[in-house]
Every structure is written in C-alpha cells, then in structure tokens.
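Welcome to this guided tour. Keep your viewer open and select each stop as we come to it.

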Amino acid sequence: MNYMKLKSLSKKKYYPIYFIAFATIIAIAVLFSISSHTAPIATKIKPKPDSALPIVKNAGELFQTGKFVESETEYKKALTINPNSSSALDGLGNLYRYQGKNNLAESYFKKAIEVDPKNDFLYADIGKLYRNWNKYPEAEIAFKKAIELNPNDDAIYSYGLGYLYRDMGKFDKA
C-alpha cells in the first residue's frame with residue numbers, strides 16, 4: 001500500500017465522528033434559534049432612554065438658579081417629547097411644591113409614580129410634599145414606600161421619615 005492510499009483510509013474511519021460532531025452543532029444552533037424566537041417579546045425589547053432627559057436636565061438647572069418660569073416651560077417641553085417622562089413629571093412636582101402649589105404638585109408626583117412605580121425618589125418627593133402640607137399619614141406611607149424600595153439609602157429616606165415623626169411629635173420613632 002502506498003502512503004497516499006493509507007492516508008485516505010485513515011480519514012474515512014473518522015467520518016462518522018465528524019458527522020456526529022457537525023450534526024450536534026447544527027442541532028444546538030437550531031434549538032437556540034427556536035428558543036430565542038419563542039422568548040417573550042417584552043424580554044427582547046430594550047427600553048429606550050428618555051429622550052427628554054437633556055431638556056429635563058436644563059429645566060432642573062433653571063430651577064436651581066431661581067428661573068421658575070423658564071424651568072416650568074422646559075419641563076412642559078420635555079413632556080411634549082415624552083409624556084411619560086417620570087423625571088419631567090417629578091421636576092414639575094418639585095417646582096410646584098416649592099411654589100406652594102400643593103394640589104398641582106401632588107398631581108404631577110402621582111402621575112410620575114404611576115409611570116415609574118419602582119422609583120424610590122418619587123415616593124420620597126411626594127412624602128416631602130405631604131409632610132410640608134401637614135398630611136402626615138400620607139407622608140408616612142410615602143416615606144415607608146421609598147424605604148421599602150431602597151432600604152440601603154437611609155441618608156435621605158430615614159431622615160425624611162425621622163423629620164416627619166419629629167413634626168408629628170412622635171419623638172420615640174424619630
């Protein structure tokens with residue numbers, strides 16, 4: 001037997017192994033493809049970033065410098081771009097809270113919470129509104145919800161709840 005014939009014979013005995021390996025790879029690829037096509041659509045869709053955030057940031061800066069009319073205009077502009085921007089809704093809530101327009105502030109905070117119910121900051125903000133408005137039971141519920149959502153950030157929420165208890169005269173809880 002010559003060398004070339006011997007080499008071709010040795011390859012033939014590995015054909016079944018190559019075939020099994022190739023078939024296994026194809027089967028895995030098909031199974032992966034099927035499972036990825038049957039995954040729930042909600043897990044495939046990535047949430048879009050809030051396109052109104054640059055405007056909200058600008059509105060916040062205007063608010064910080066005391067330019068309340070311009071800030072309000074910018075927050076409302078952000079809401080025309082994204083009506084469900086919890087950041088813009090929260091910003092308007094804080095703006096109106098600061099101006100003493102409690103009913104208006106409350107409506108914006110509630111809408112923000114409706115849009116983003118897992119956002120602990122929103123509950124803290126509405127808790128501050130209720131505390132300043134002397135709606136202590138509502139404030140307590142809001143602060144406790146904020147703490148429930150983010151128990152590790154006690155610097156903001158525990159102080160909010162602590163100040164609330166102080167205002168209520170519940171010094172043992174403060």
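**First stop: α4 beside α6**

Start by selecting α4 and α6, which count as roughly parallel to each other because of the angle between them (under 35 degrees is roughly parallel, over 145 roughly antiparallel, 65 to 115 roughly perpendicular and the rest oblique). Their axes come within 10 Å and cross at roughly 15°; axes are lines fitted to C-alpha atoms, for helices over the stretch in contact, and angles run from 0 to 180 degrees between N-to-C directions. Here α4 passes α6 in a left-handed crossing, a term for a near helix turned anticlockwise from the far one by less than a right angle, with clockwise being right-handed.

Now show the side chains. On α4, pick Leu53, Val56 and Phe63; on α6, pick Ser87, Ala88, Asn94, Leu95 and Tyr98, and you have the contact (heavy atoms within 4.5 Å). Sorted by class, these residues are six nonpolar, two polar and no charged; Ala, Val, Leu, Ile, Met, Phe, Trp, Tyr, Cys and Pro count as nonpolar, Asp, Glu, Lys and Arg as charged, and the others, Gly among them, as polar.

**Zoom out: the whole chain**

Before going further, a word on what you are viewing. This is a predicted model, in which local features need pLDDT of at least 70 and side-chain atom pairs count only at pLDDT 80 or more, while totals for chains, interfaces and linings use all residues. Residues are numbered from 1 along each chain as its sequence is written, and side-chain values use heavy atoms, with hydrogens and water left out.

Colour the protein chain by secondary structure: it has 10 helices and zero strands. Helices (H or I, at least four residues) and strands (E, at least two) are DSSP runs, numbered from the N terminus. Of the 174 residues in the protein chain, 31% count as buried (under 20% relative accessible area; exposed is over 50%, partly exposed in between, with a 1.4 Å probe and protein chains only).

**Second stop: α7 against α8**

Select helix α7 (residues 102-115) and helix α8 (residues 120-132), whose axes come within 10 Å and cross at roughly 160°. That angle is why α7 is roughly antiparallel to α8. The crossing of α7 past α8 is left-handed. To see the contact, display Asn102, Ala105, Glu106, Phe109, Lys110, Ala112 and Ile113 of α7 with Leu122, Tyr123, Asp125, Ile126, Leu129 and Tyr130 of α8. This contact has nine nonpolar, one polar and three charged residues.

Beyond its neighbours within four places in sequence, Glu106 is in contact with Ile126, Leu129, Tyr130, Trp133 and Lys135.

In total, the contact of α8 with α9 divides into 10 nonpolar, one polar and five charged residues.

Which residues have the most contacts inside the largest nonpolar core? They are Leu92 and Ile126, in a core of 32 residues. A nonpolar core is a set of buried Ala, Val, Leu, Ile, Met, Phe, Trp, Tyr and Cys residues joined through side-chain atoms within 4.5 Å. Two or more residues of this core come from each of α4 (53-64), α5 (68-81), α6 (86-98), α7, α8, α9 (136-149) and α10 (154-168). The most come from α8, with six residues.

Centre on Ile126: apart from neighbours within four places in sequence, Ile126 is in contact with Glu106, Phe109, Lys110, Ile113 and Ala142.

Find Ser86 in helix α6. Ser86 counts as buried, at 11% relative accessibility. Not counting residues up to four places away in sequence, Ser86 touches Ala112, Val115, Asp116, Asn119 and Leu122.

Move to Phe121 in helix α8, which counts as partly exposed at 42% relative accessibility. The C-alpha atoms of Phe121 and Leu149 are separated by 9.3 Å, although these residues are 28 apart along the chain.

Finish at Asn134, in the loop between α8 and α9. Asn134 is exposed, with a relative accessible area of 53%. Though not a glycine, Asn134 has a positive phi of about 65°. Most residues other than glycine have a negative phi.
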